[in-house]
Amino acid sequence: MTEHAAPDPFADFDGLWIAMLPDLQPITPPDGDPAPYFRKAFHLDAPPVKAEIRFCGLGYGELRVNGRKVSDDVLQPPFTRYDARFLYSTYDVTDLLAEGDNVVGAIVGNGMYNVIQKNPWNFDTAPWRSLPKMALSARIELADGRVVRFRSDTSFRVARGPILWHVLHEGEYYDARLEREGWDRPGFDDRDFGPVFLCRPPGGVPMPMDMEPCRVVRRLRAKSLREVRPGVWLYDFGENIAGWPALRVRGPAGTAVTLRCTEKLGADGDLDGAPVHDFVEAKERFQADTYLLSGRGDETWEPRFVYHGFQYVRLEGFPGTPDLDSVAACEVHTDLPDRGHFACSDPLAEQIHAAVRLATLGNWHGMPTDCPHREKNGWTGDAALSAEQALLNFDPSRAYRKWLRDMTDCQRPDGRMPGIVPTGGWGFEWGNGPAWDDALVLIPWYLYLYEGDRAILETMVEPIRRYLDSVARQTEDGIIDFGLGDWCPPEGGFATYKCPVRVSDTAIHATQVRTLSRILRVLGQGDAARRYETRADAVGAAFRKAFTDEATGWVEGDCQTSYACALYHGLLAGETARKAFDRLVGQVERFDRHIDCGILGAKYILRVLTDWGRPDLAWAMVTHTTFPGWGHWIAQGATTLWETWDGEASRNHHMFSDVGAWFHSGLAGIRPDPENPGFRHTIFRPRPDAGPDQVLSRHRSPQGEVYCGFRRDPADGDGGGGDGDRGRWIVEAGVPEGCTGTLYLPDGFADRTTLVLNGAIRLA
Ligand code: BGC
């Protein structure tokens, strides 16, 4: 072995993979798909002083020791391309073991490893698909200095348990009469358990779990309960969350109680799952969990291997009359640390920001998903668009690094990217394209900007280069014309027109190539950087030639997104740019200051309006309460962001969430400085000329807290409510010790602003 040999990942995770022999019967609910319960009894003849178990159960696994779950993580491990890589957890179980008899147990579920239903993204035929399986290895130090080691093997035993049916996109079916009391504790008679078989490993390389796991982060009590029909009860939890319902019940054995979850009610006041249940054949099983009572007295139950997107729970089959505490809602998602705060004198802006946050969290389950119900897919475009606000509001850096690995695991040898990550092969022919693939380029770059993470650039530069070269091979006269473009513009009401894909995606490609050149420069690869700089210039020139009229500022498409896109991507200069901006303002006024964009334009327009001097228009657009707009969603009771402006599809999507970044960066003005990333130097561009009387944004950067805000000066006598161009203001900003900042005020504000600058901030 040479000194520098790469460590063998299999040496750290050497458990044998075991599974339960499949029953030779068709998989039909309720009893065709039982989750295996594994157990092994062992004896320690001295007290344990340090004990660790490395464990992976695919798709999801729950490890138990002596009757207790070893951790508060759930839905573990996160979805990866299992035949390329899987994540295992290391649990410290010292306190759960004792001298004498011990038992280790594991319950394993299907998750995305064993998708048993027909699936539009072909996960049912994914190359990795197989029966649920597990592997573990244990290392226990005893007080007398000896070390006991064991791993999963044929000494384990397995049985079906009460989980008879569990399908991630549908629900769980649990018969509590089949519970085996004490199965995971010593002294249990396991003659009922059968042998395990040694199965094939998943194929991927093991890696230690290195991101925050999913947890139950909140338990919500319902805001209301009503009987919609005799015996059918409806709980409203007041917020649209991802997670599952929890049941408390008492009644006769075998009583079947069904909990059905949705995010929307129909006109009849009952559940309406239709907008999101398209992809499940058996509609009655969509987001429906069933519990059969054991009859042993007070019973509580939560599903284990599924999660749903919901605000409402319909309860059927409940013995007796339920009350507000019979059903709770558990909010479940990747437990991302919180690090952003936005406050505003306008409650609507705060509500929109809260919706941004809830939609982001509800869509983090080991990866950024599109929605927590219909698809649960890692759509790349959605994640690219929400990344800046996610980095400002939360700390998703470890989670992103994991997902970027998934991206490179799914990248094809020629560089192309699929529209969903992970994928079993679907998404290369449709659903990808520059705007979606942007996640591969932008997320590493944002991790550098917001975190100062140079290492991620080193890791990602080659995949990015390979990807961009593959796109370059697919262009004609420098123009790109594939992808989904400005997805989900308003339908009905205002807009009838979508910005052409060739406009948006050629512009995006230009920025991607320029970003690669910046990355190369950071990495000290000057020659390569210049080559891509030249290529970016060429794409820009092709864009101008094909889509713009220099004399008039006209951009093909002649819509809000076309103008905002050309300006956001810096493709116009001088007078042409000014004229294009005037055209953009004209478009905004023409639509009565409403947004007329899909997901791409929705990011560009707020930023362009703000940076070109009309933050008031951006503010009006954000806070309008009529169709289409964020404010319109909130006016209809939304607590999350929706997929479409008309609300006819999913009501928990985060692809329109860049407005959350605009609150922090556009309005309050906190921006990272590419020359000093990770907020070692912060650029502050607060916009008291936007509209609200008071705004404050805080962000816990890797260096410490940066904040910025403004408020009307009470000494002003203006009393507020006037437009931002008049009156005196107080602007306050701060940077952590050892860091610096530069504050820019809007034109005309220097004389009428009192500055409170905490830390080394200079006024530009
Ligand atoms: C998803 C989107 C996704 C899109 C791309 C939809 O079904 O929910 O969020 O980006 O497809 O086509």
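Analyst: What follows is a set of questions and answers on domains, a cavity and aromatic contacts in this predicted model.

User: Which domains does the protein chain have?

Analyst: The domain assignment gives domain 1 (2–211), domain 2 (216–334), domain 3 (340–667) and domain 4 (681–763). The centres of domain 1 and domain 4, taken over C-alpha atoms, are 53 Å apart.

User: How many cavities of 30 Å³ or more are there, and how much space lies in the largest?

Analyst: There are four cavities of 30 Å³ or more.

User: Why is the aromatic pair of Phe 79 and Tyr 82 called tilted?

Analyst: The structure holds 39 aromatic pairs. In this one the centres are 5.5 Å apart and the planes stand at 35 degrees. The cut-offs are 6.5 Å for a pair, under 30 degrees for stacked and over 60 for edge-to-face, so a value of 35 degrees is tilted.

User: What makes Phe 79 and Tyr 82 buried?

Analyst: Buried means under 20% relative accessible area. Phe 79 has 6% and Tyr 82 has 1%, so both labels follow. Ring pairs also link these two with Tyr 113, Phe 123 and Trp 128 in a cluster.

User: Why is the pair of Tyr 446 and Tyr 450 called edge-to-face?

Analyst: The planes are 85 degrees apart, with 6.2 Å from centre to centre. The angle is over 60 degrees and the distance is within 6.5 Å, so the pair is edge-to-face. Both residues lie in helix α5 (residues 434–451), four residues apart, about one turn of the helix. Tyr 446 at 5% relative accessibility and Tyr 450 at 1% count as buried.

User: How do you know that Arg 412 lies over the face of Phe 428?

Analyst: Arg 412 is 3.7 Å from the ring centre, and the distance cut-off is 6 Å. Lys 40 likewise lies over the face of Phe 150, at 5.3 Å from the ring centre. Each position must also be within 35 degrees of the ring normal.

Notes: Residues are numbered from 1 along each chain as its sequence is written. This is a predicted model: local features need pLDDT of at least 70, side-chain atom pairs count only at pLDDT 80 or more; totals for chains, interfaces and linings use all residues. Side-chain values use heavy atoms; hydrogens and water are left out. On a 1 Å grid over the protein atoms alone, a cavity is a set of points where a 1.4 Å probe fits but cannot get out, and a pocket is an open set with protein on both sides within 12 Å along at least five of seven lines; lining residues have an atom within 4 Å of a point. Grid points are joined across faces, edges and corners, and a volume is the space filled by probe spheres set on the points. Domain bounds come from an automatic or database domain assignment. Rings of Phe, Tyr and Trp (its six-membered ring) pair if their centres lie within 6.5 Å; planes under 30 degrees apart count as stacked, over 60 as edge-to-face and the rest as tilted. Buried means under 20% relative accessible area, exposed over 50%, partly exposed in between (1.4 Å probe, protein chains only). Helices (H or I, at least four residues) and strands (E, at least two) are DSSP runs, numbered from the N terminus.
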